[in-house]
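Please look over the chain shown below before reading on.

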Amino acid sequence: MRLDKFICKSTELTRTEAKKVLKSGEVRVNGEVAKNAAMQVHENNTITIDGQVLIARGSRYYILHKVVDSICSNIDEVYPSVLNFIEVDKAFDLHIAGRLDADTTGLVLITDDGRWSHNVISPKKQCQKTYRVWLRNEINDEKLADLVTKFEHGLQLQGEDSLTRPAILMRVEKEDLVDEMSYRSEVLLTITEGKYHQVKRMFAAVGNRVVALHREQIGRITLGDLAPGEWRALTAVEIAQFL
Ligand code: URA
């Protein structure tokens, strides 16, 4: 990892403060003065500040139940970043492993381990993400059979080079939906990739419209009884599946 990141991980210093310390010449890597913040260092290097050996903290892994009108970004914009909910030191040094739109709710994974989040996000790793989707138009039995086949084979979304990867669609059976409801059907969709607005675009491509979206599961990790806005550290077993 970069030398400035290593310093942040092993001290209370921010990235800007770490860069200042580097400039001052107080940092040594294996005994040599190091001033380059971008220098790549490894755990077996001896890194010191003013003679004190640094030991990097282990990586951090959290799950958050995202609420609407919060954003999966490392800066606050129109809405606050989801990182504001994670009440730990240096929460803004963490990143989001698989973003959700501002109006989407549900499961968000947050970490500072880039390799781990790559394993969650990369389509090559085939990690399943399940969404509960509320749709404007009704899906009758005939339509459902057609959609299941189309989603399984893959859809051509506008502006994409390749078809969407095979996805699993299931209808959630409901009593008759009353007329005032803004949706006419509810489904569960499982995908293994995360193209821009993927779920909304998949349903738009088949003439429907997503009115609400909620992520329920990533791999074997579920929200369990986490209430909206709540978060917790992931367990060792939950972390291990993406190491
Ligand atoms: N697909 C979307 O369209 N939006 C999300 O937030 C997540 C997946």
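Over residues 1-63, how much of the chain is helix and how much is strand, and how far apart are the end C-alpha atoms? This is a predicted model, in which local features need pLDDT of at least 70 and side-chain atom pairs count only at pLDDT 80 or more, while totals for chains, interfaces and linings use all residues. Residues are numbered from 1 along each chain as its sequence is written, and side-chain values use heavy atoms, with hydrogens and water left out.

Over residues 1-63 the chain is 27% helix and 21% strand, with the end C-alpha atoms 24 Å apart; helices (H or I, at least four residues) and strands (E, at least two) are DSSP runs, numbered from the N terminus. An unreviewed UniProt entry places the feature "domain: RNA-binding S4" at residues 1-63, and such annotations may be inferred rather than shown by experiment.

Helix α1 (residues 3-10) is largely enclosed by the rest of the structure, because seven of its eight residues are buried, where buried means under 20% relative accessible area, exposed over 50% and partly exposed in between (1.4 Å probe, protein chains only). The buried residues of α1 are L3, D4, F6, I7, C8, K9 and S10, and they pack against α2 (15-23), β1 (27-29) and β3 (47-49).

**Charged side chains**

The structure holds 15 salt bridges, each being a side-chain nitrogen of Lys or Arg within 4 Å of a carboxyl oxygen of Asp or Glu.

| Salt bridge | Distance |
|---|---|
| D101 and K200 | 2.8 Å |
| E216 and R132 | 2.5 Å |
| R201 and E160 | 3.1 Å |

The salt bridge of D101 and K200 links distant parts of the chain, with D101 in the loop between β6 (95-96) and β7 and K200 in helix α5 (residues 198-205), 99 residues apart. The salt bridge of E216 and R132 ties together parts that are 84 residues apart in sequence, because E216 lies in strand β11 (residues 210-218) and R132 in strand β8 (residues 129-135). In the salt bridge of R201 and E160, R201 lies in helix α5 and E160 in the loop between α4 (141-153) and β9 (168-171), so this pair ties together parts that are 41 residues apart in sequence. Salt bridges that share partners also join R2, D4, R15 and K19 into one network. As for accessibility, K200 is partly exposed at 22%, E216 is partly exposed at 24% and E160 is partly exposed at 25%.

D113, in the loop between β7 (105-111) and α3 (114-121), is buried yet has no salt bridge, and the nearest side chain of opposite charge, R115, is 5.7 Å away; in this count Lys and Arg are positive and Asp and Glu negative, while His and the chain ends are not counted. The D113 side chain does make a polar contact with the side chain of Y61 (2.5 Å).

**Ring pairs**

Four aromatic pairs are counted, a pair being rings of Phe, Tyr and Trp (its six-membered ring) whose centres lie within 6.5 Å, with planes under 30 degrees apart called stacked, over 60 edge-to-face and the rest tilted. Y62 and W231 form an edge-to-face pair, 5.5 Å centre to centre with 80° between the planes. Ring pairs also link Y61, W116 and F242 into a cluster.

Notes:
Polar contact = N/O pair within 3.5 Å; in protein donor to acceptor, adjacent residues only side chain to side chain. Contact = heavy atoms within 4.5 Å.
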